[in-house]
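The sequence and structure come first.

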Amino acid sequence: MTRSPALTRPQPPNLLTDNPELYEARFPDPDRLAARWTEDCLRRHGAGPRVLDLGCGTGRDAAHLHGAGRTVTGADLSTAMLAHARAHHPGPTYVTADLRGFDLGRDAFDAVVCLDSALLYCHTNEQLEGFLSSCRNALAPGGLLVAEMRNGAYFLGRTDLLDAPAENEFGWQGAVHRSITTLTVDRTAQLLRRTRVWTTDDGSPPVEQHSAWRLLFPQELRHLLATHGFDVLDLHDGPGPRTEPPWREGLPLGTAADADRLHVVARLREPPGC
């Protein structure tokens, strides 16, 4: 595997990704809704069995897809997440890779899956180009790209997610963990920036963390995909694994791209003459 330059740099500490069990406690998914939605997309569009889950995190979704009969590779930059995935969600092959530029073999996969806004960690145009070029190289002709993410179009004229900090608390290992999350839009960089302050009732000092997602708009995404040889099959705002109401099998696909989540399925064009 060719390692991208980003892999040679130490990753900044992150309370959730450095503590996978805490991550799963904060974001429980006992019904594997995200993975079942993904499997529905793959099955509906006739994807082959070889799947790459980019940004696989704790491995929950990768393991579910493996259990559905697919040959799954889970890729992530977090060594803690990968160690947790291997120990707690076995079945897939887990590897270190940076979605902004990776090489896991040419035509090695029938589908690339990128859930929970992982694609939006490509902040710059260059990083987006690296992601799509790497996917094109990794996919067999006719392979699928399935992605689920925040929808940049939602923030055109809307401020409900920006007006006040969001507060959350949950218990884990005998302590109450609380977070206060503030979102701001950096229009020049086209980023949604997040500041999250963590506190616990065990006397630990507060932890402040910063992250950001690229805000992509539906037509911008269509253009990027087309430029890299993909035909968009589905592009809509729901239902999906993180919409309200959430996806369930048999629901018709939406026809708009207006809500706060965006779902896309695209197929890599086969070379002429195939």
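In this predicted model, 7 strands make up an open sheet with mixed pairing, and their order is β3-β2-β1-β4-β5-β11-β10. The edges are taken by β3 (93-96) and β10 (230-236), each of which has a single partner strand, so one side of each has no neighbour in the sheet. From one strand to the next, the twist averages 20°.

Within this sheet, strand β4 (residues 109-114) runs parallel to strand β5 (residues 139-150), and 5 bridges join the two. Val112 has Leu145 in β5 as its bridge partner. Helix α2 (residues 33-44) lies across several strands, namely β1 (50-54), β4, β5, β10 and β11 (261-268). The helix runs at about 145° to β5.

**The antiparallel sheet**

A further open sheet has 4 strands in the order β6-β7-β8-β9, and its pairing is antiparallel. Here β6 and β9 (207-214) stand at the edges with a single partner strand each, so one side of each is left without a neighbour in the sheet. On average, neighbouring strands of this sheet are turned by 25° against each other, direction ignored. The pairing of β6 with strand β7 (residues 175-186) extends over 7 bridges and is antiparallel. Asn168 stands opposite Ser179 in β7.

**Aromatic contacts**

A search of the whole structure gives 3 aromatic pairs. Two of them are set out in the table below.

| Pair | Geometry | Centre to centre | Angle between planes |
|---|---|---|---|
| Tyr23 and Phe27 | tilted | 5.2 Å | 50° |
| Phe170 and Trp198 | edge-to-face | 6.3 Å | 85° |

How exposed are the rings of the tilted pair? Tyr23 is buried, because its relative accessible area of 18% falls under the 20% limit. Phe27 has 29% relative accessibility and counts as partly exposed.

The pair of Phe170 and Trp198 links distant parts of the chain, 28 residues apart. Phe170 belongs to strand β6 (residues 166-172), while Trp198 belongs to strand β8 (residues 191-200). Phe170 counts as buried, at 12% relative accessibility. Trp198 is buried as well, with a relative accessible area of 3%.

A charged side chain also meets an aromatic ring: Arg150 lies over the face of Trp213, 4.6 Å from the ring centre.

**Cysteines**

A disulfide is a covalent bond between the sulfur atoms of two cysteines. How many disulfides does the model contain? The count is 0. Cys56 is in no disulfide, and the nearest cysteine sulfur, which belongs to Cys114, is 11 Å away. Cys56 counts as buried, with 7% relative accessibility.

Cys122 is likewise in no disulfide. Its nearest cysteine sulfur is that of Cys114, at 7.3 Å. Cys122 counts as buried, at 0% relative accessibility.

Notes: Residues are numbered from 1 along each chain as its sequence is written. This is a predicted model: local features need pLDDT of at least 70, side-chain atom pairs count only at pLDDT 80 or more; totals for chains, interfaces and linings use all residues. Side-chain values use heavy atoms; hydrogens and water are left out. Two strands pair if DSSP finds at least two bridges between them. Axes are lines fitted to C-alpha atoms, for helices over the stretch in contact, and angles run from 0 to 180 degrees between N-to-C directions. Contact means heavy atoms within 4.5 Å. Rings of Phe, Tyr and Trp (its six-membered ring) pair if their centres lie within 6.5 Å; planes under 30 degrees apart count as stacked, over 60 as edge-to-face and the rest as tilted. Buried means under 20% relative accessible area, exposed over 50%, partly exposed in between (1.4 Å probe, protein chains only). A charge sits over a ring if NZ of Lys or CZ of Arg is within 6 Å of the ring centre and within 35 degrees of the ring normal. A disulfide is a pair of cysteine sulfur atoms within 2.5 Å.
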